[in-house]
Structure formats: C-alpha cells, structure tokens
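User: I would like to learn how to read the places where parts of a protein meet. Could you take me through them step by step?

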Amino acid sequence: MAELNQKERMKIKRHDMPNQDPLVRRRNYDEVALGYSEATAKKEAERCLQCKDPKCVQGCPVGVLIPQFIKALREGDMVKAVEWMKVKNNLPAICGRVCPQETQCEGNCILGKKGEPVAIGRLERFVGDFELAHRTCPLAKAAPTGKNAAVVGSGPSGLTCAVDLGREGHKVTLFESLHGPGGVLVYGIPEFRLPKRVVYGEINYAVECLGIDIKIDHVIGRTFTLDELLNDYDAVFLGTGAGLPSFMRIPGINLNGVMSANEFLTRVNLMKGYLFPQYDTPVKVGRKVAVIGAGNVAMDAVRCSLRLQTLHSRKTNELPGEVHMVYRRSRDEVPAREEEFHHAGEEGVIFDFLTNPVEILGDEKGNVKGMRCIRMRLGEPDKSGRRSPVPIEGSEFEMEVDTVIMALGTSPNPLVFVEAEGLERTKHGTAVADPETGRTRKMRVWAGGDVVTGAATVISAMGAGKRAAADIDKFLKGEAPWQ
Amino acid sequence: MYKILKKEVLSDIIKLMVIHAPHVARKAKAGQFIIVRINEFGERIPLTIADYDRDAGTITIIFQEVGKSTMQLGRMETGQEISSFAGPLGHPTEIENYGTVVCVGGGVGIAPIYPIARSLKEAGNSVISIIGSRNKDLLFWEDRMRAVSDELIVCTDDGSYGRRSLVTEPLKELIENADKKVARVWAIGPAIMMKFVSLATAPYNVPTTVSLNTIMIDGTGMCGGCRVLLEDGARFVCVDGPEFDAHKVNWDSLLSRLQFYRKEERAAVEHWQHKCRLEGAPEEGGK
Ligand SMILES: Cc1cc2nc3c(=O)[nH]c(=O)nc-3n(C[C@H](O)[C@H](O)[C@H](O)COP(=O)(O)OP(=O)(O)OC[C@H]3O[C@@H](n4cnc5c(N)ncnc54)[C@H](O)[C@@H]3O)c2cc1C
Ligand SMILES: Cc1cc2nc3c(=O)[nH]c(=O)nc-3n(C[C@H](O)[C@H](O)[C@H](O)COP(=O)(O)OP(=O)(O)OC[C@H]3O[C@@H](n4cnc5c(N)ncnc54)[C@H](O)[C@@H]3O)c2cc1C
Ligand code: SF4
Ligand code: SF4
Ligand code: FES
C-alpha cells in the first residue's frame, strides 16, 4: 500500500473483530472472539498516526512500544513486530485478549478523542498469535551465572519473573501449589475467553528454551516455608496472587448452592467440570442463577453459567434457565472489560443493577431457594471517586434463585506468610513491597502482582514480575546489594 | 508422578497404599492430609496422612471406596503412578499430656486416629481407644491400635465381632465413670458418627476434637468449597482445620453440604463402570 497521509488514515474506520454467533457460542466453550486476519490487521494498523508523543503508551501499565510494533506490522515485518513487543511485554497473545484496553492503551489513543481508537489490543493479539505459531523470537539464554532463584506462584507475575531470570542465566525453580502452572490464567479465566493452548504455549516455551524447573504440588508455607527456601536459594520472588475468596456477611451463605466464583470457576476451568463425566469433577448450576458482582470474575461466572445451562438443557430437552447478574451500583460503574460486558449481554444475561442481597433463603433440606434483596440508589462519591450505593428503605423484595455465586473480590492467600519472619503485610493482607523493585521488607525476598496490589490485572502483574526480575538480576550480579 | 510402592487390601473396600512423595514426607505430621489426583481426568480428593517415613520419603494413605475416585484408586497396583500428590496440608494435631484421653475411630477413620493415638501415648497420656465398624470384615488395624492404647474397645454395628453397639455407647460409659477422669476426646469417622460423639460429650463438657471431611477442591484456601459453619461464623476446613472443636460445629449444615453432589457422584460411577465394561478390562489409573 502506498504511504497514506494523516487525513487518509483518519478516514479509515476501526475494524471489527469477527465473533462466534451468540446463539452458537452459548452451546460451546470455544473462543468467542476469532481474531483479525492478516489483511484486516494490516488495514487496522494503517490507522495509527505514529504520534511523536504517543499517548497510548502512557496508558499502558508497562509502556508497550505501541507505535513501533504497529509500524512493523503494517510494513509486513512480523518478526520485527514481535521483537518490539517483547521489549516490554512477554505475554502479548494473553494481554491482547484480556487487558482492559478501553481504560488503558486504547483509552488514551489520540484517535479516540474524536472517533474510535486504534484497536491496539486486537493488533497485539495478532502479533502474539503469530509468535506462538512461528516462534520467531527464540529466548536467548545468557551463560550460567551459578546463582539460583525460587519463584513462588506460576501466574503472570511469577511466569514473567521466571522467564526473565532464566534468560539472564540464573537457575530458576518455579513452585506451584496446584497440579498445573498458569495461575488465574488457567483456573479462573475461561477457555472461551483465553484458550489454554495460548497459556501452555508460553509455559512450554519457557520450560523448553530456558530449562526452568516447575515443581507442581508444592504449597509454600506447608511443603516448604519461605525461610526454608531462603536456605536453598539466593533470591525468592513471591507471585502468589490474591486467591482467597470473600463471602458476604449475610445469613444463609453456607446453604447448598452458594459458592464463591473461585470455586465455581475452578470446577469449570481447572477441573474441566463442563466436560463431566469425561472429567471427574462435577459442577452444578441450577435453573435460576444469581451472580453477585460485576467485575471480570463475575462476568466469567455468568457466562460459564449460561453455557452450562444451555448444554444441560440440550441433554434434558428442558428450556434453559435464567442467569442474573446482581450488582449494587449502576451500569456506568461496571468494572469489567467493556467487551465482556457486551458479550455477556448478547449471550442473554439479565442485569439487575442497583440491587443488593441481604439474605439467602433456604428450604428445609438446606438448599438455596431464594434471595432477599434491597434496591439501591447512588449517593455521594466515595474515596475511590465512584458514587457509593445507598440502600432504599422499604424496597426489599424476594427473588427466586437456586444458585448464588459470589464474585466479590479476593485477597492474598496467607499460607505463604507462614514462617516468613519479617515479611511485612498491610492490614488488607497484601505484602509490602517497593513498587519499582519489588523488594519486600525481608532480605532477599521480592514480591509482585496481586499479592502486593490486591486483585488487579494480568498486565500489571506481568509488569511487576518483570521489574522484580530486573532488580533480582542486579542483586545476584552484585550490582544492587540489599541495603 | 508419584509411584505406588506398596498396596495392601485391608478389607473389600478399604485399601492401604504407600506412595513415594519425599516432598510431603519430609514435613508430614499426624493430623495433616494430602490432596491426590489420579490422572489428567481426575478430581482432587483429600486423604489423611495415616503414616509417613521421612527416610524412605513415603506417605501411607488408607481409603475407603465410596465413589468413582476412591474406587479407581483402589484398582491401581504397586508400580503404577499417580499424577499429583500435594501436601502436607492443614494443621497438625496439637499433642500434649492431658491425662486420660479417649480416641474414637469409626470405619476408615481408624486410619487417621492411629497416628494421633500413638503421639498421645508417646506424650505420656493414658490412652483409651474405641474402634468401630459396620461389621467384622471392615475392621482393620486392631493390633496396631492395641499396641498404642492402654485399653481398647472394639464394636461392630451388627455384633459380628467385639461388642454389638455404636462407638458412642462405650464412650458415654467412660465419661460417666468418674474414676476414669476423661480429659479429652478425639473422634474421626463418618460425619454422622462425629456428630453423635459430639452430642455425647457435650453435656459433660469434655473437650472433643473432630477431623472434618468436607468436600474439597484445592485444599489451600482458594475456593471456600470446604467451608463449615461454626458457632461464630464460617471457616475453611483445609486451612483452618481439619481439626475443630466438635461442640462448635453446625453438624446439620455439614451433613447437608456433603449430600450436594450425590446425583453427580452416582453418575460418575456409572459412567466409569460403563467405560470399564466397554474396554473389557478394569480401568487403570495413572494412564
Ligand atoms: C475469573 C478472573 C477473571 C479475570 N479477568 C481478567 C481480565 O480479563 N483481564 C485482566 O487483566 N485481569 C483479569 N483478572 C485478574 C488477573 O487474572 C490477575 O490480576 C492476575 O492473574 C494476577 O497475577 P499473579 O501472577 O499476581 O497471580 P495469580 O494469577 O493469582 O497466580 C498466583 C499463583 O500462585 C499460586 N500460589 C498461591 N499461593 C501459593 C503458595 N503458597 N505456594 C505455591 N503457589 C502458590 C496459585 O496457585 C497461582 O497459580 C481476572 C481474574 C479472575 C480471577
Ligand atoms: C481432610 C480430609 C481427610 C480425609 N481422609 C480420608 C481418609 O484418610 N480416608 C478416606 O477413605 N477418606 C478420607 N476423606 C474422605 C475422602 O476425601 C472422600 O471419601 C473422597 O473424596 C470420595 O471421593 P470419591 O470420588 O471416591 O467419592 P464421591 O463420588 O465424591 O462420593 C461418594 C460418597 O462419599 C461422600 N463424600 C464425598 N466427599 C466426601 C468427603 N470429603 N468426606 C466424606 N464423604 C464424602 C458423598 O456424599 C457420597 O455419598 C477425607 C476427607 C477430608 C476432607
Ligand atoms: S499490554 Fe495491554 S494495555 Fe499495554 S498495550 Fe498491550 S493491550 Fe494495551
Ligand atoms: S495514540 Fe493512537 S494513533 Fe497515536 S501512536 Fe498511539 S495508537 Fe497510534
Ligand atoms: S478446599 Fe478450597 S478452600 Fe478449602
């Protein structure tokens, strides 16, 4: 294509990404968004104005070199595009799929001021998928340094830290308590949003090219304590995430049919409960499901529920049931990714905004039969700047449901803090660590990702793993001693 | 992968296995448990550490075949391998010298009560043990229990061996006998048995510890599926337990939660048995 001028670029419309039809995808777990073709990706890349002072980069938590990779892409130099990407982001195939682009890179793109921003996420996904398919960017490994490091937790923060340390020639052991690596990417985010082959592709690559030793079934705090790891390793990185679910403090939470989104999603994704009985772990949703919350976790829970209901009704010839999303604020405050909210709506979720449960009701057998809720209105903005919900007196009503899934946020699992003398924690249970280097208050221990920030995003966890790896590398090479 | 080094058939439905898992053996203590997953398709199920050998790097498990996973594990043989084996999980039993203590083991619960009785004996307690099962064929480890107890009472529901009674009968007699001065009771077995032990000791205010067997997935505090209702709110059995003060447990809630997947559990067994028949041979785990 001949070089376009700015005006011509600005005339090109943002390209849609093809999706599976909502009626079809309710019956399967295949990926919903199908990705750009090469031709579409190149056309979309033509829209970028190559800003001298690219605002998009400021919106990205790790500062991906966006104009550079887009330029390489539109010139057809995919190898170069991957190289630019990998300077800041180890996991483009993942981040392209799950980043909340509308509040990060794309939210800042200059084109978004008047029209629609460049589809940076979709282009990133295209580059990531190209790399997974062609492996153009071999992980070069430095000569062995003779130092070793332990990385605890194999989510995005731990994986990134392990890969970056491995590249520098340090010997890395990755400890994971579950039976497989990947963290939330595997046990939380469903197949239809992030296919597991994408995650395993990244993991296998790290293991094969860098010889990283992954020890599954190792629960740090039980199998080994942090202090024991420090005897055997020169440095330890904690990327244990924020996996502890919270339940509402209302009557009835122990009834049968009430579960945390973590339990539900773990049964569905990690244990492949949607393929029961080919896989052994059962997962049960009733005919009327209520998911409490409206974040990414809640969105995944409603969409898994819809699919389970549809699959079940096809077996039994019953009509599929209903799935409600019950949220105490309004549409404008929904924290989930815009695309997921949109997809959930297309798939048939019923949204009950400004509604909050006050009690879960059970039958004589201890099974959920309903929920008493109260209507809310939005009051004054709270500390976070969001308008806080206030109950409307006398507005209580009952809702018939048989399954209640709580997606109310999570906090760090305290197990890793067992026998970890000196590892400081905030009152929210998060580890205290320097945001730039990841250094904790305990000598030779770094931490990053959700265990430090509380539940956040894949890209911020990955960024924290990367920054910590850089500091650990300096420490191990004697360039940045512990003060 | 974790190799099965030894298998013993304790009864038709109760099997013992010694598993090579040095990472668990190095720290295992009485009262703790592991999570096992047989193969790629398997569910994660919790089993108590019945014994361990740090030097050999082995863990002994004893399980009763009640559903798909335990039946499938029961068909596996020495030399075969299990996909995952995580632990040691949960808090160890707190062992002190309390004076006279009673250890009650019901059914497969005899296995986990054994190391506790042994440790209590080593700590200087006078140990009275009561073991019970539905019938004689299901009883095991009588000799082992006798070796670590000052007194052993054996019961069966049908009277085919020992005394014909539930374990709660001799327990009540012991507590009512002022000469015995029972300071504490431990009970492990089916939830319904633990509930009745709890009801038996509560009127006498004898501190009673039970090891709860709720349904679990991860075993590390991540899902909340194992939660139990105590007097003062919910707890996660896998990280806060598995041992709890029996008198604080809401037993009806616990029993109801154990029933939740009944239908699915039956479907899993049917599916598996059907598959075994089609393939003409008993399904082997580990493959
Ligand atoms: C359902 C769901 C959907 C989400 N959707 C999005 C999204 O669309 N976009 C987005 O950007 N973010 C999303 N997030 C958030 C994002 O996934 C997390 O912020 C991110 O995964 C955090 O990464 P991490 O490496 O800090 O921890 P995690 O991914 O939580 O990984 C931690 C790992 O450590 C292991 N571990 C914990 N304790 C121990 C221990 N003691 N010993 C050994 N191992 C241990 C855990 O098993 C786990 O594998 C979602 C989260 C969930 C739950
Ligand atoms: C901490 C802990 C330690 C345990 N230790 C042992 C042990 O040492 N030996 C042993 O034999 N069992 C033990 N159990 C129970 C064991 O985990 C279950 O029997 C097993 O999960 C059943 O799996 P399944 O697929 O064979 O049967 P399923 O098909 O899952 O269940 C079949 C039947 O067993 C009941 N059931 C399901 N899960 C449990 C459970 N966790 N506890 C009790 N009943 C259950 C169901 O209600 C159903 O009636 C322990 C449980 C816990 C939580
Ligand atoms: S990593 Fe996420 S925020 Fe950064 S450019 Fe890529 S999609 Fe945007
Ligand atoms: S702000 Fe938008 S147009 Fe400018 S460089 Fe970034 S993506 Fe391209
Ligand atoms: S088994 Fe998941 S929290 Fe206890």
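Analyst: Let us begin with a single pair of side chains in this predicted model: B:E264 and A:K284 meet in a salt bridge, with 3.3 Å from N to O. A pair counts when a side-chain nitrogen of Lys or Arg lies within 4 Å of a carboxyl oxygen of Asp or Glu, and across the interface of chain A and chain B the rule finds 4 salt bridges.

User: Which elements of chain A supply residues to the side that touches chain B?

Analyst: At least two residues each come from β5 (244–245), β6 (258–260) and α14 (261–270) of chain A, and α14(A) gives the largest share, 4 residues. By class, the side of chain A that touches chain B divides into 19 nonpolar, 17 polar and 9 charged residues.

User: How much area do chain A and chain B bury between them?

Analyst: Buried area is what two parts lose in accessible area on being put together, summed over both; here chain A and chain B bury about 3900 Å², with 54% of it on carbon and sulfur atoms. Of the area that chain A buries against chain B, A:R222, A:N254 and A:D280 supply 20%, more than any other three residues.

Conventions. Residues numbered from 1 in each chain as written. Chains lettered and ligands numbered in written order. Predicted model: local features only at pLDDT ≥ 70, side-chain atom pairs only at ≥ 80, totals over all residues. Heavy atoms only, no water. Buried area = accessible area lost by both parts, 1.4 Å probe. Nonpolar A, V, L, I, M, F, W, Y, C, P; charged D, E, K, R; others polar.
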